[in-house]
There are 2 protein chains.
Amino acid sequence: MRVAEVGELSLLERIRDRFRVRSRDVIAGIGDDAAVIAPLDQNLLLTTDMMVEGVHFDLRFITPYQLGFKIVSVNVSDIYAMGGRPRFVLLDLGLDGETDDSFIDSFCAGMEEAMGRYGLILVGGDLSSSRHGKVVSATLIGYGKRPVMRSGASPGDRIYVTGALGDSACGLELLRTIERPIALESGEKLDKPLKWSIMRPLLFRHLLPEARNTRRFITAATAMIDISDGLFIDLSRLCEESGVGAKVYLGCLPISNQLKKAASALGFDPYRFATAGGEDYEILFTASPRKRVNAWCIGEITRAERTVVDLKNQVKPFSPEGYRHWH
Amino acid sequence: MRVAEVGELSLLERIRDRFRVRSRDVIAGIGDDAAVIAPLDQNLLLTTDMMVEGVHFDLRFITPYQLGFKIVSVNVSDIYAMGGRPRFVLLDLGLDGETDDSFIDSFCAGMEEAMGRYGLILVGGDLSSSRHGKVVSATLIGYGKRPVMRSGASPGDRIYVTGALGDSACGLELLRTIERPIALESGEKLDKPLKWSIMRPLLFRHLLPEARNTRRFITAATAMIDISDGLFIDLSRLCEESGVGAKVYLGCLPISNQLKKAASALGFDPYRFATAGGEDYEILFTASPRKRVNAWCIGEITRAERTVVDLKNQVKPFSPEGYRHWH
């Protein structure tokens with residue numbers, strides 16, 4: 001049924017029932033002018049991210065479930081990138097009147113799956129009509145005892161990432177070839193244009209990205225940022241805030257076998273996906289070389305110069321390439 | 001210059017510089033993966049509101065300054081409606097590439113004016129491109145020692161509102177006649193189609209609404225809600241949550257002289273604006289009849305029936321009329 005037929009009030013009621021929760025730190029959740037929470041006596045972390053149809057997502061390639069999962073994950077990634085523990089979510093959802101109400105149910109199911117994984121509670125939001133296309137915006141509030149900023153890197157620190165880079169961007173490229181959504185969440189498979197064992201992790205990373213918890217190396221990290229717009233652009237941001245440079249060894253980047261095979265089949269350079277692809281949602285962090293850290297070391301912090309050592313051992317400057325709006 | 005030419009990074013830089021702040025409760029504001037705040041040891045109130053071009057605002061009628069002011073005020077109104085003190089803002093802004101960068105400057109100036117008035121700090125946000133039309137979403141975090149919910153009204157309580165109803169809706173109707181924005185913030189005036197002294201307060205209430213602080217009656221209030229979608233729909237929400245009814249005396253509604261004159265000139269019923277107009281951003285609250293309260297008493301809470309006593313003293317049921325999405 002179209003949301004225009006179901007009506008705003010009964011949709012709100014449905015969402016409220018779905019996300020009803022009892023928790024000691026929530027005095028009042030969805031349903032009043034504002035939520036009331038009783039936070040722990042700690043610093044709080046606040047972050048927000050918006051996803052606009054036609055810019056951040058294309059419903060020809062992504063299911064509503066995946067969209068719901070993803071809007072939660074990308075915000076959680078920001079909290080993790082501060083070394084924090086995410087807790088409360090607020091959601092703004094703008095939908096055109098032609099939207100089927102099953103869209104909301106699937107979207108909420110995806111959110112719920114992600115929220116369960118990260119231990120989150122939905123405490124408020126705003127449901128609105130939109131004229132053209134859908135828009136989703138989430139705000140996350142988390143706890144951060146000892147926040148790790150972008151600004152703490154020093155020359156000599158090693159640069160680490162938490163996982164393979166470029167998979168998500170390659171997954172998007174695959175979807176453009178496949179030209180339809182794939183309901184990974186329901187176990188759907190597809191063996192074109194490549195073998196499923198190659199496509200699966202790439203599509204998963206793009207459509208259902210899991211945010212990387214930073215707990216295991218948090219005490220070692222001197223600076224952190226999540227890679228959302230691309231390695232080089234986000235590393236540049238960290239350098240900017242820390243007032244330092246960086247030297248990255250291309251040969252040290254973790255590149256998955258699936259990315260290598262798929263990029264080759266699609267006629268793309270896997271290192272392009274890995275350095276400027278965006279939406280990796282891996283964490284980039286720096287740590288003293290004296291600390292032992294369980295992550296991929298990809299380079300080191302320098303005084304000022306930002307360079308990349310390519311596969312032929314040639315040193316070149318890198319520029320902050322990656323996703324930018326209005327370009 | 002078009003935002004597409006200015007570029008995302010320098011726009012972010014500009015916004016960050018503008019809203020840079022030093023405050024004991026902000027450890028890190030705009031510019032990292034998440035903001036870090038050190039809140040007072042109190043309950044926190046969380047609320048969010050989204051405004052979509054073509055649905056909540058029409059740039060043929062509203063200036064960017066007014067839009068910036070309004071997105072802050074409407075969220076503050078939700079915090080006040082809980083008896084709270086607003087403090088931190090996060091802002092998501094989606095803009096099409098054709099947007100002039102002066103739009104952002106004016107929008108920020110309006111936000112800044114409102115933020116100063118309410119004592120707010122901008123701690124984060126997300127700047128994004130959009131394909132069709134602009135979208136603004138703000139999240140507010142405030143303190144609430146003793147939150148007043150929608151659910152606390154009891155039969156016998158009096159129903160109060162903090163100010164004249166319907167002015168905003170009539171202001172919007174005037175703008176549809178005028179067919180262009182009016183820069184009230186710069187002292188612009190206009191004597192058509194009605195005298196400025198009549199139009200001014202109506203346009204002000206619609207374009208630059210000030211949220212009503214509830215401090216002066218907070219200890220008396222048993223239930224509160226802000227009137228954003230219309231008196232009858234928001235009163236119905238309060239009744240729903242409290243499990244009560246209400247009896248409203250139409251003759252007791254505060255109706256401004258300007259509304260009476262303008263509605264008559266435009267051929268509208270002023271009571272229609274006042275009961276179903278929306279965007280009043282006055283606070284509706286209930287209090288025991290034994291409490292002396294400095295506000296307009298418009299009726300009383302009943303056991304179950306929701307009725308209105310009209311100007312001819314006839315009692316009729318009222319239905320939750322007002323603004324609804326997808327209708």
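Modeller: Gladly! A residue is called buried if 20 or more other C-beta atoms, placed from the backbone, lie within 10 Å of its own, exposed if 12 or fewer, and partly exposed in between. This is a predicted model, where local features need pLDDT of at least 70 and side-chain atom pairs pLDDT 80 or more, while totals for chains, interfaces and linings use all residues. Residues count from 1 along each chain as written, with chains lettered from A and ligands numbered from 1 in written order.

Biologist: Then is E179(B) buried or exposed?

Modeller: E179(B) sits in the loop between α5 and α6 of chain B (helices are DSSP runs of H or I with at least four residues, strands of E with at least two, numbered from the N terminus). Its phi is near 60°, positive although the residue is not a glycine. Because E179(B) has 8 other C-beta atoms within 10 Å, it is exposed.

Biologist: And E279(B), buried or exposed?

Modeller: E279(B) is another non-glycine residue with a positive phi, about 60°. It belongs to the loop between α9 (270-276) and β10 (282-287) of chain B. There are 22 C-beta neighbours inside 10 Å, so E279(B) is buried.

Biologist: How many other C-beta atoms lie within 10 Å of H56(A)?

Modeller: H56(A) is part of the loop between β3 and α3 (64-80) of chain A. E98(A) is 42 residues from H56(A) in sequence, and their C-alpha atoms are 20 Å apart in space. H56(A) is buried, because its count within 10 Å is 23.

Biologist: Which residue does a cis peptide bond join to K192(A)?

Modeller: Both chains have an entry here. In chain B, K192(B) and P193(B) are joined by a cis peptide bond with omega about 0°, and P193(B) is in the loop between α5 (167-178) and α6 (196-207) of chain B. In chain A, omega is about -5° and the partner of K192(A) is P193(A).

Biologist: Which strands stand at the edges of the open sheet, and why is one side of each left without a neighbour?

Modeller: The 6 strands of this mixed sheet run in the order β1(A)-β2(A)-β3(B)-β6(B)-β4(B)-β5(B), two strands being paired if DSSP finds at least two bridges between them. Each edge strand has a single partner, so one of its sides has no neighbour in the sheet: these are β1 (26-28) of chain A and β5 (121-129) of chain B.

Biologist: Which residue in β3(B) stands opposite A35(A)?

Modeller: Strand β2 (residues 35-37) of chain A pairs with β3(B) in the antiparallel sense, over 3 bridges. Within that pairing, A35(A) faces L46(B).

Biologist: Within chain B, which residue in β6(B) stands opposite F88(B)?

Modeller: Here 9 bridges link β4 (residues 85-95) and β6 (residues 135-143) of chain B, again antiparallel. The residue opposite F88(B) is I141(B).

Biologist: And which residue in β5(A) stands opposite L91(A)?

Modeller: In chain A, strand β4 (residues 85-95) runs parallel to β5(A), joined by 8 bridges. Strand β5 (residues 121-129) of chain A is mostly covered, with 8 of its 9 residues buried. Opposite L91(A) stands G125(A).

Biologist: Last one: which strand gives the largest share of the side of chain A that touches chain B?

Modeller: The contact takes 60 residues from chain A and 60 residues from chain B, with residues in contact if their C-beta atoms, placed from the backbone, lie within 7 Å. The largest share of chain A's side, 8 residues, comes from strand β3 (residues 44-52) of chain A.

Note on methods
Two residues are in contact if their C-beta atoms, placed from the backbone, lie within 7 Å.
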